[in-house]
Amino acid sequence: MRVGLVGLGRIGAFHAATLAAHPDVGELVLADADEVRAKEVAGRVGAATGDPFTADALVVATPTATHAALILRACAAGLPVFCEKPVAPDLAETERVAAEAGRAGVLVHIGFQRRFDAGYAAARRALRGGELGDLHRVHMLTADPRPPAAEYIPRSGGIFRDCHIHDFDALRWVTGREVESVFAIGANRGAEFFAAAGDVDNSAALLTLDDGTLVTMQGSRYNGAGYDVRMELAGTRRTLVAGLDDRVPLASAEPGAGYPPGEPWPDFGARFEAAYVAEMDAFLRAVRDGGPSPCPVDDALAALRVAEAAEASRRAGRPVRVAEVTA
Ligand SMILES: NC(=O)c1ccc[n+]([C@@H]2O[C@H](COP(=O)([O-])OP(=O)(O)OC[C@H]3O[C@@H](n4cnc5c(N)ncnc54)[C@H](O)[C@@H]3O)[C@@H](O)[C@H]2O)c1
């Protein structure tokens with residue numbers, strides 16, 4: 001098929017290479033606001049530059065503020081679309097996109113790649129299959145080794161909408177439960193630009209699921225040991241951890257303990273490389289075979305509601321029920 005890709009920055013350039021290598025992609029058409037960049041990436045992966053909307057499917061990897069308009073344009077054209085998370089920086093626009101995508105009946109896949117990570121998928125299967133017994137406790141972590149560029153932060157939506165949105169989606173997807181309430185806090189321990197943007201560089205949250213399960217969550221933009229993303233699920237029979245692999249950036253304080261043996265994960269690109277390839281394959285399969293979206297806009301909206309509750313909680317200094325959050 002002919003696939004269009006718009007936005008060729010950090011994540012878009014990676015998707016370009018994945019699409020160029022995919023057996024179902026006969027033609028790849030790339031576009032970026034920066035034409036020099038578009039030509040450079042096209043030359044590197046062996047693709048053309050042009051209008052990405054003249055295709056059988058569209059991939060969107062532009063900055064967050066542009067996603068909604070591009071998804072809506074694709075829906076109006078009946079074009080199946082994969083769009084990077086998040087759908088939009090705010091709830092009202094995300095609700096509008098969800099409603100429009102539903103009306104149009106067009107395939108829309110939002111890029112929550114943890115759903116395609118082998119560990120997260122295995123944890124989900126084990127929990128749903130009853131292997132853990134009754135779930136009583138969940139702990140989640142998203143920690144970047146270093147902050148993104150200063151100019152990224154003011155338009156990122158803050159740590160809960162930008163980073164923890166992946167945790168909120170994974171939490172709903174793995175457990176099959178809804179988040180009822182959030183009590184979130186944050187701290188500014190690093191560069192000035194976080195506080196200047198009204199954001200924090202370290203975060204923590206207590207969440208309660210609709211069956212009473214308690215969840216703790218932590219995040220950091222300053223995890224010097226490496227890129228650390230984990231989800232621990234403790235039940236009455238077993239405890240399973242997604243992300244506790246040979247490259248988890250941890251060191252044991254126990255004398256003689258040799259775990260973990262590998263080089264720490266340096267960044268999200270390396271840690272989730274296989275998941276990014278698998279999510280694109282799932283999107284192309286859904287386009288080709290007409291299946292449902294494995295990451296629908298409605299789920300992205302539900303994850304954003306939790307992020308909004310977390311941000312509101314941090315600012316108000318009190319627990320916030322997700323049901324309180326309105327556009
Ligand atoms: N799923 C993930 O793990 C993950 C990881 C990184 C980024 N993202 C998301 O991907 C999106 C892009 O992030 P990034 O870090 O690659 O950004 P980036 O700034 O590195 O790249 C954005 C690119 O889009 C181009 N661009 C900007 N406006 C455009 C427009 N209107 N039309 C065409 N091109 C335009 C820019 O020139 C740039 O090349 C963000 O929404 C981000 O949240 C997701």
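How many residues of domain 1 are in contact with how many residues of domain 2, and what can be said about the parts on either side?

A: This is a predicted model, in which local features need pLDDT of at least 70 and side-chain atom pairs count only at pLDDT 80 or more, whereas totals for chains, interfaces and linings use all residues. Residues are numbered from 1 along each chain as its sequence is written, and side-chain values use heavy atoms, with hydrogens and water left out.

The protein chain is divided into domain 1 (2-114 + 275-296) and domain 2 (117-266 + 303-324), with bounds that come from an automatic or database domain assignment. Their C-alpha centres lie 26 Å apart. Where they meet, 14 residues of domain 1 are in contact with 18 residues of domain 2, contact meaning heavy atoms within 4.5 Å.

The area buried between the two domains is about 1,400 Å², and carbon and sulfur atoms give 54% of it; buried area here is the accessible area (1.4 Å probe) that two parts lose on being put together, summed over both. On the side of domain 1, L91, F112 and R114 supply 54% of the area that this domain buries against domain 2, more than any other three residues.

K85 forms a salt bridge with D162, and the closest N and O atoms are 3.6 Å apart. Helix 4 (residues 91-104) gives the most to the side of domain 1 that touches domain 2, with three residues; helices (H or I, at least four residues) and strands (E, at least two) are DSSP runs, numbered from the N terminus. By class, that side of domain 1 has six nonpolar, three polar and five charged residues, with Ala, Val, Leu, Ile, Met, Phe, Trp, Tyr, Cys and Pro counted as nonpolar, Asp, Glu, Lys and Arg as charged, and the others, Gly among them, as polar.

K85 also deserves a look along the backbone: the peptide bond from K85 to P86 is cis, with omega near -15°, and P86 is found in the loop between strand 5 (81-84) and helix 4. Most peptide bonds are trans. A cis peptide bond also joins Y259 and P260, with omega about -5°, and P260 has its place in the loop between strand 12 and helix 9 (268-271).

Note on methods. Salt bridge = Lys/Arg side-chain N within 4 Å of Asp/Glu carboxyl O.
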